[in-house]
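I opened the model to look up its charged pairs, its sheet and a few backbone details. These are my notes, in the order I took them.

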Amino acid sequence: MEKILIIDDEAFICENVQRILSGEGFQVCTAQTGQEARDIVASEQIDLALLDLNLGTENGIDVLKALKELDPELLVIIITGYGSVESAVESLQLGAFHYMKKPFKADALRLIVKLALKTQTLKREVRKLRQGNASLPGSSPIIGKSDAFNEVVAQVREIARIPSTVLVTGESGTGKELVARAIHDLSDRKEAPFIAINCASIPATLLESELFGHEKGSFTGASGRKKGLFEEAHHGTIFLDEIGEMDMAMQAKLLRVLQERSIRRVGAVKDVTIDVRVIAATNRDLLQRIAEKSFREDLFYRLNVFPIHIPPLRERTADIAALAAYFLDGFSRSFGRQFRDISPEAEQLMAQYAWPGNVRELRNVIERICIMRTGPTLLPEHLPLEIRNSQDGDHAAMVTTATAIEVPEDVGLEEAINSIEKTLIRQALQKAGGNVLQTATILRIPRGTLRYKMDKYGL
């Protein structure tokens, strides 16, 4: 039941309004001073307040400011006399929902109150949906405390203020779509649609129609006009995931859209102007794709206005425990388990593991544990075998090889270390078949560091 607070220094008005609204099934409380009102709002969940601007010696505007500070989401309807309409207008600028002039009719009061409460309900539902998108246990939240994570967060906050095109790069499972959603939610487009599409999941012959729409009869099966995703995202954001998988012909059409800020439906003769923020993402090396003639260089530079790279989870081990705890809490609640924490030994094992599937793999592991096991503490024996054995295997083999390398007596320490490092990198590259990412995983170093060392040693 919605709860309404009436704030008026005249007792008979409080009683009259309380009688009218109680008759509509609302729970009503009253306050005759600003302090009483502040105490009630601070201690109770109030859905709506009716505030008289003339509270004896108190300034109703000051009371409004105080109430909004206590609860920024509180809706306030101002009650004012004929001589204080200017103050009522000022109150609207401070966030009041509406104002009513005395004397007012009971029917008008009922109508305004019901409209305000409906607005409050809709606001709360929207806020809940937005928060739910980032807090569902099956999703990958933007959570972490590592320097690499903080850098990504800083970039997201910076670019959210500017409507520039963004290119998000990172391995599969690192959370590229979540970053794109965060940019949208922090931007002035947050009230408009966020439309996501995986360019690799739709055949090239259908992708144009999905993105740009089509006219009736433009191809077999086109029984009517259909808006494309760019039009659906008007004034909002479109997220083009796996952009590196788009074929060359479609790339040329996308380039035109980015240049002209307009689209043309399949079978149409006129362009449609659009206002859309484009965020693209890929787990591919687009510069390599350009060298292979499978990605347009001009499109790359159109997309790469503001690049954001999400490091893999193995490069931000400080975030693993926080993410694992988040997923454990969510899935434990969903499956009726009693997990409350993670043992230090289990945290250490997870920190040592390379997580080739990144945050997505971590989420899946925790979900599987919550399905098969019970709490209260996640222990090492709950973890999959590959994580429990993560301190062994390839890395241990490389260390064994290093200890077997003989160093000549006339070689200095730095030269010896470089020789050993070069040998280990060469062996890891051979083991990984030349795959840089896999080599970095074996050596447990960031890919960027590996590339620097490969250049250093001419590998």
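With which residue does glutamate 24 form a salt bridge? I found lysine 114, with the closest N and O atoms 3.1 Å apart. I took a salt bridge to be a side-chain nitrogen of Lys or Arg within 4 Å of a carboxyl oxygen of Asp or Glu. Glutamate 24 sits in the loop between helix 1 (11–22) and strand 2 (27–31), and lysine 114 in helix 5 (residues 106–135), so the pair ties together parts that are 90 residues apart in sequence.

Before going on I noted the basis: this is a predicted model in which local features need pLDDT of at least 70 and side-chain atom pairs count only at pLDDT 80 or more, while totals for chains, interfaces and linings use all residues. Residues are numbered from 1 along each chain as its sequence is written, and side-chain values use heavy atoms, with hydrogens and water left out. Helices (H or I, at least four residues) and strands (E, at least two) are DSSP runs numbered from the N terminus.

**Entry: charged pairs**

I then checked exposure, where buried means under 20% relative accessible area, exposed over 50%, and partly exposed in between (1.4 Å probe, protein chains only). Glutamate 24 counts as partly exposed at 31%, and lysine 114 as partly exposed at 43%.

How many salt bridges does a search of the whole structure find? I got 21. Side chains of opposite charge can pair when their charged atoms come close. Another pair I looked up is aspartate 271 with arginine 264, at 2.7 Å from N to O. Aspartate 271 is partly exposed at 33%, and arginine 264 is partly exposed at 38%.

I also looked at arginine 333 and aspartate 329, whose side chains meet in a salt bridge at 3.1 Å, N to O. Both lie in helix 13 (residues 320–334), four residues apart, about one turn of the helix. An α-helix has 3.6 residues a turn, so residues three or four places apart point the same way. Arginine 333 is exposed at 66% relative accessibility, whereas aspartate 329 is partly exposed at 37%.

I logged one network of salt bridges, which links Asp8, Glu10, Asp52 and Lys102.

In what order do the five strands of the open sheet run? I read 2-1-3-6-7, with parallel pairing. The edge strands are strand 2 and strand 7, each pairing on one side only. Two strands pair if DSSP finds at least two bridges between them.

I followed strand 6 (residues 75–80) on both sides. Strand 3 (residues 48–52) pairs with strand 6 in the parallel sense over five bridges. Alanine 49 stands opposite valine 76, and leucine 51 has isoleucine 78 as its bridge partner. Strand 7 (residues 98–101) runs parallel to strand 6 and is joined to it by four bridges. There, isoleucine 79 stands opposite methionine 100.

Is strand 6 mostly covered or uncovered? It is mostly covered, with six of its six residues buried. In a regular strand the side chains alternate between the two faces of the sheet. Leu75, Ile77 and Ile79 point one way from strand 6, and Val76, Ile78 and Thr80 the other way.

**Entry: helix 3**

I found asparagine 59 capping the N-terminal end of helix 3 (residues 60–70), with a side-chain oxygen 2.8 Å from the backbone nitrogen of isoleucine 61. Buried residues in helix 3 include Ile61, Val63, Leu64 and Leu67.

**Entry: backbone details**

Which peptide bonds did I note as cis? The bond from lysine 102 to proline 103 is cis, with omega near -10°, and proline 103 lies in the loop between strand 7 and helix 5. The bond from glycine 375 to proline 376 is also cis, with omega near 15°. Proline 376 is in the loop between helix 15 and strand 18 (377–378).

I looked up two phi angles as well. Arginine 261 has phi near 55°, a positive value in a residue other than glycine; this residue lies in the loop between helix 10 (248–260) and strand 13 (262–263). Lysine 293 has phi near 65° and is found in the loop between helix 11 (286–291) and helix 12 (297–303). Arginine 261 is partly exposed at 31%, whereas lysine 293 is exposed at 68%.

Methods. A polar contact is a pair of N or O atoms within 3.5 Å; within protein, one must be able to donate a hydrogen and the other to accept it, and residues adjacent in sequence count only if both atoms are side-chain atoms.
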